[in-house]
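Please examine the sequence and the three-dimensional model shown here before reading the notes below.

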Amino acid sequence: MSFPPNLFLVGAQKAGTTFLASLLGQHPEICLSEPKEPGYFTHNSGKDLAWYRSRFRRPEKPYLLDATPSYSASPLPRLDDSAQKSPLWGVPTRIKDLSPDARIVYVVRDPVMRTWSSYWHAVRAGHESRSFHDAISEGSIYMRASRYFDQIQLFRECFARERISILKFESLIKDPNVTLTELLSKLDLPPLANPDFDRGQNRSFRYRGALAVVNRYLSGIGGMNRVSKAISPVLPRSLKDWAYRRLADRIPDMPEEDRRLLTQYFADQNRRLSQEYEIDLIEWSNP
């Protein structure tokens, strides 16, 4: 048996992790947890190992995959004096203690757009009512989860560089088959035959009209997202597409003032990430 899990897709949220997890979960040598985000090291840290083990239906497979984006949203000590009191603190250390030979996969996306998408994800879930400008304070989870260099360094303190794979969201979306095959090669696994690229792709949208009011009313239980996840498996794709067109709007464009602010804020993080890990970030926002 392979438990504890030895493959972690740790983030970043709104950077294609659901899509990538669905592709990896199709591989015959990988067992994706159910749900894909068990959050054993964050929001379900009070659960015992028996509960965690039960999330994996095929524990005999070579790789057990935990795909929880909140693992890469740690408060950063120099930005938050109460960092160590957060349930999101210390995740890399706790993963290493349980699974010292784990492989870590981290997907990065233009931090400006990831921050914007993450904000609207929280609005849609009923967890955020502030304006975007008010929500993007330096210590907010939207900002710190986009500081990829700092977050990856926390994992580097626990895992050797060769055990951490960094992928770009933009490459994953542009050519998912190439990105997937390269990652599988790093895991010493053969390519996936006939992957289904239509599974696991989330849409960015906001509820409108009466549904927006219902979403706010249900915010205590996760908003309409909770309802959607519950009924989605039994709905045909055509009905989902119809509901999306009738009940939701695309998220708006980011105000230019906020775009400039974020671009400047993340410039140093992007530079350090590009230099340290030799990643071409030319398509990302520039100051």
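The notes that follow begin with an overview and then proceed by topic.

This is a predicted model, in which local features need pLDDT of at least 70 and side-chain atom pairs count only at pLDDT 80 or more, whereas totals for chains, interfaces and linings use all residues. Residues are numbered from 1 along each chain as its sequence is written, and side-chain values use heavy atoms, with hydrogens and water left out. The secondary structure of the protein comprises 13 helices and seven strands; these are DSSP runs numbered from the N terminus, with helices being H or I of at least four residues and strands being E of at least two.

**Overall picture**

- Of the 287 residues in the protein, 49% are buried; buried means under 20% relative accessible area, exposed means over 50%, and partly exposed lies in between, for a 1.4 Å probe and protein chains only.
- Among contacts (heavy atoms within 4.5 Å) between residues at least 6 apart in sequence, 77% join residues at least 24 apart.

- Two packed helices are described by the angle between their axes and the distance between the axes.
- Axes are lines fitted to C-alpha atoms, for helices over the stretch in contact, and angles run from 0 to 180 degrees between N-to-C directions.
- Helix 1 (residues 17-25) and helix 9 (residues 176-186) have axes that come within 11 Å and cross at roughly 60 degrees.
- That angle makes helix 1 oblique to helix 9; angles under 35 degrees count as roughly parallel, over 145 as roughly antiparallel, 65 to 115 as roughly perpendicular, and the rest as oblique.
- The crossing of helix 1 past helix 9 is right-handed; a crossing has this hand if the near helix is turned clockwise from the far one by less than a right angle, and is left-handed if anticlockwise.
- On the side of helix 1 the contact involves F19, L20, L23 and L24, which meet P176, L180, L183 and L184 of helix 9.
- By class, this contact of helix 1 with helix 9 has eight nonpolar, no polar and no charged residues; Ala, Val, Leu, Ile, Met, Phe, Trp, Tyr, Cys and Pro count as nonpolar, Asp, Glu, Lys and Arg as charged, and the others, Gly among them, as polar.

**Helix 7 and helix 13**

- Helix 7 (residues 148-156) packs against helix 13 (residues 256-277) at an angle of about 45 degrees, with the axes 8 Å apart.
- Helix 7 is therefore oblique to helix 13.
- Helix 7 contributes Y148, F149, D150, I152, Q153 and R156 to the contact, and helix 13 contributes Q269, R272, L273, E276 and Y277.
- The residues of this contact divide into five nonpolar, two polar and four charged.
- Helix 7 is mostly covered, with seven of its nine residues buried, namely Y148, F149, D150, Q151, I152, L154 and F155.

**Around helix 1**

- T17 belongs to helix 1 and is buried, at a relative accessible area of 4%.
- Leaving aside residues up to four places away in sequence, T17 touches L9, G11, A12, K36 and P69.
- H27 is in the loop between helix 1 and strand 2, and its relative accessibility of 2% counts as buried.
- With residues up to four places away in sequence not counted, H27 touches K61, L184, L189, P190, P191 and L192.
- H27 and A193 are 166 residues apart in sequence and 8.3 Å apart in space, C-alpha to C-alpha.

**Backbone features**

- G11 and A12 are joined by a cis peptide bond, with omega about 0 degrees; A12 is in the loop between strand 1 (7-11) and helix 1.
- E34 and P35 are also joined by a cis peptide bond, with omega about 0 degrees; P35 is in the loop between strand 2 (30-32) and helix 2 (49-53).
- K14 is a residue other than glycine with a positive phi, near 60 degrees.
- K14 lies in the loop between strand 1 and helix 1 and is buried, with a relative accessible area of 14%.
- D188 is not a glycine, yet its phi is positive at about 60 degrees.
- D188 lies in the loop between helix 9 and strand 6 (205-207) and is exposed, with a relative accessible area of 69%.

**Cysteines**

- A search of the whole structure finds zero disulfides, a disulfide being a pair of cysteine sulfur atoms within 2.5 Å.
- C31 is buried, at 5% relative accessible area, and C158 is buried, at 14%.
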